[in-house]
Amino acid sequence: MFERLFKLSEHGTTVKTEVIAGITTFLTMSYIIFVNPQILSTTGMDRDAIFVATCLAAAIGSIVMALVANYPIGMAPGMGLNAFFAFTVVAALGYTWQQALGAVFISGCIFLLLTVTGIRSWLIAGIAPSLRSAIAAGIGLFLAIIALSSAGIIVKNPATMIGLGDLHSPQALLAVLGFFVIAVLDALKVRGAILIGILVVTVVSMLLGINTFNGILSTPPSLAPTFLQLDILGVLHAGFLQVILVFVLVEVFDATGTLMGVAKRAGLLEGSKNRIGRALFADSTAITAGSLLGTSSTTAFVESASGVQAGGRTGLTALVVGILFLAALFIAPLAGSIPAYATAPALLYVAGLMMRELIDVDWEDVTEAVPAALTTLAMPFTYSIATGLAFGFISYVVLKAFTGRIRQIHPATWVVAILFLIRFAFFTE
């Protein structure tokens, strides 16, 4: 059956290899089942329901990727997009989490349309590489501020706006411990380093008596508090123009870049135009499904590269990932026992990895470097991914146009910059 579904021999792999690759991928990306509820619950959403939605969205996305595209890529709610959902759309802009879910649903439908029509590829080809790199790095810095704040390492300061927190507090010390555990294990190529770091901090906090143990196994909690709770009519509010635009842009860059990167590493790109098209389609449908369940945008995980390195070449790898996420539904008590300072090191470490994207910026060309810098810096300092994108795209167009390089501006960049200008000119927060 597996041979017929996934063409194992054609891809030079076996069931055993694919299963091991699937387990490897799951271990490297399973931290999301603890981190995503921690982030999204800050909006007032039910944490247990988010946990279930996260597991189901990851399982559905991964299984669809397996059966539709036959790609060894795991899917789950993405880092960065969940932070934008919680800390920008809800916390900063003041919208309800139901409206935010509605925005995810609409952006997913737009994303699906862009994929089917081929506009998605046009957008990717049209955005300057320097801006694409800056977006990833800026989201990384945004995650870093959230992580350091959650751990109490940085705090509000009336004189300097941001100051150093109490590094003697147990929470800050445990977060530092978790970060170095993750970094050392990852440097030693230990699979599941991020997950191990989260669990180490959680266990130590319990042994010190500053956290409680709620158990490990139970029946899955109810999904009712978030299932189909999206407010689509609320999304029609004028202020959601930039919200939907940001969801679409980040989904386009993040998901497409991950898919293409992992597929290239697995040697699956050559002669597989239809197959990559099916992968993009599967990725698009997963976003819509996730919003219905009650979580932020579902996307391809770059951690899938670990499974490819372990030999994964077909959708059987992704199928194993999906099955393991379904099995994870039964560890809700453990997920509920994990404090914010245990997931903060994971966020900070992921943020650090995202910063390496800046190496691809052409720093010798001012018209490329300045927009990239503005994009990266504005995201954390304005606490808004949307503002960072707007500063980057608008400054890119202005600098290119006024230095006689207008032909270097792709129509896609013009479209995005104009949309952000309209947002700033005619709509207020």
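Helices (H or I, at least four residues) and strands (E, at least two) are DSSP runs, numbered from the N terminus. The structure is a predicted model, in which local features need pLDDT of at least 70 and side-chain atom pairs count only at pLDDT 80 or more, while totals for chains, interfaces and linings use all residues. Residues are numbered from 1 along each chain as its sequence is written, and side-chain values use heavy atoms, with hydrogens and water left out.

**Nonpolar surface patch**

- A patch is built from residues with over 30% relative accessible area and no salt bridge, nonpolar side chains (Val, Leu, Ile, Met, Phe, Trp, Tyr) being joined within 5 Å and like charges within 9 Å.
- Accessible areas come from the Shrake-Rupley method with a 1.4 Å probe, and for residues only the protein chains shown count as cover.
- One nonpolar patch covers about 900 Å², and Met1, Phe2, Leu5, Val15, Val19, Ile23, Leu27, Leu67, Val68, Val116 and Phe281 make it up.
- At least two residues of this patch come from each of α1 (2–6), α2 (15–29) and α4 (47–69), and α2 provides the largest share, with 4 residues.
- Phe281 belongs to helix α13 (residues 273–293); at a relative accessible area of 36%, Phe281 is partly exposed (buried means under 20%, exposed over 50%, and partly exposed in between, with a 1.4 Å probe and protein chains only).

**Cavity and pocket**

- On a 1 Å grid over the protein atoms alone, a cavity is a set of points where a 1.4 Å probe fits but cannot get out, whereas a pocket is an open set with protein on both sides within 12 Å along at least five of seven lines; lining residues have an atom within 4 Å of a point.
- Grid points are joined across faces, edges and corners, and a volume is the space filled by probe spheres set on the points.
- The count is 1 cavity of 30 Å³ or more, and the largest cavity holds about 40 Å³.
- Pro37, Arg47, Asp48, Phe51, Ala332, Ala335 and Gly336 line the largest cavity, with α4 and α16 (332–336) as the elements that give two or more residues to its lining.

**Salt bridges**

- By the rule that a side-chain nitrogen of Lys or Arg lies within 4 Å of a carboxyl oxygen of Asp or Glu, there are 3 salt bridges.
- Asp365 pairs with Lys400, their closest N and O atoms being 3.9 Å apart; Asp365 is in the loop between α17 (340–354) and α18, and Lys400 is in helix α19 (residues 385–402), 35 residues apart.
- Asp365 also pairs with Arg405, at 2.9 Å between the closest N and O atoms; Arg405 lies in the loop between α19 and α20 (411–426), so this pair ties together parts that are 40 residues apart in sequence.
- Glu368 and Lys400 form a salt bridge at 3.0 Å, N to O, linking helix α18 to helix α19 across 32 residues.
- Through shared partners, the salt bridges join Asp365, Glu368, Lys400 and Arg405 into one network.
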